[in-house]
Amino acid sequence: MLACTRLCSSTIFSAFRTTPVAAFGHLQRGFSSQTDGEERIASVLKEKFPLASKLKVTDISGGCGAMYEIHIESSEFKGKRTVQQHQLVNQALKEEIQSMHGLRIFTNIPK
């Protein structure tokens, strides 16, 4: 995983020479492969939500693993309010969340 140092709340610099690209108010890596953190979180969510029809995990901290964005669509959310859906995701990632700075969660129910 890429090491990073947080200099201020909105600027993240990588220890490697990967140039972050600003987009939509946050930094994105200049490459398309998943980080170890993205793969680990996706694996946990696939195990906890086996009926998920869509899942996307993105490290939005520039690659250092401090903040993630999760989009998950599962029939397991049916009949639950948004806050309850998010609580299920938070509970599934209880261990991983301890080392994060922030987490954005977007849940949907398949149509």
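What share of the contacts in the protein chain with a separation of 6 or more comes from residues 24 or more positions apart? Here is a friendly walk through the answer and a few other points.

1. Residues 24 or more positions apart account for 52% of those contacts, where contact means heavy atoms within 4.5 Å. This is a predicted model, in which local features need pLDDT of at least 70 and side-chain atom pairs count only at pLDDT 80 or more, while totals for chains, interfaces and linings use all residues. Residues are numbered from 1 along each chain as its sequence is written, and side-chain values use heavy atoms, leaving out hydrogens and water.

2. The protein chain has 3 helices and 7 strands, in the order β-β-β-β-α-β-β-α-α-β from the N terminus. Helices (H or I, at least four residues) and strands (E, at least two) are DSSP runs, numbered from the N terminus.

3. Now look for the largest nonpolar core, which has 15 residues. Such a core is a set of buried Ala, Val, Leu, Ile, Met, Phe, Trp, Tyr and Cys residues joined through side-chain atoms within 4.5 Å; buried means under 20% relative accessible area, with a 1.4 Å probe and protein chains only. Helix 1 (36–48), strand 6 and helix 2 (82–92) each give two or more residues to this core, and helix 1 gives the largest share, 4 residues.

4. Val57 is among the core residues with the most contacts inside it. Its partners beyond four places in sequence include Ile41, Leu45 and Ile70.

5. Finally, find Ser74 in strand 6 (residues 67–74). Ser74 counts as buried because its relative accessibility is 0%. Among the residues Ser74 touches are Phe49 and Pro110.

Definitions and conventions: Buried < 20%, exposed > 50% of the residue type's maximum accessible area, 1.4 Å probe, protein only.
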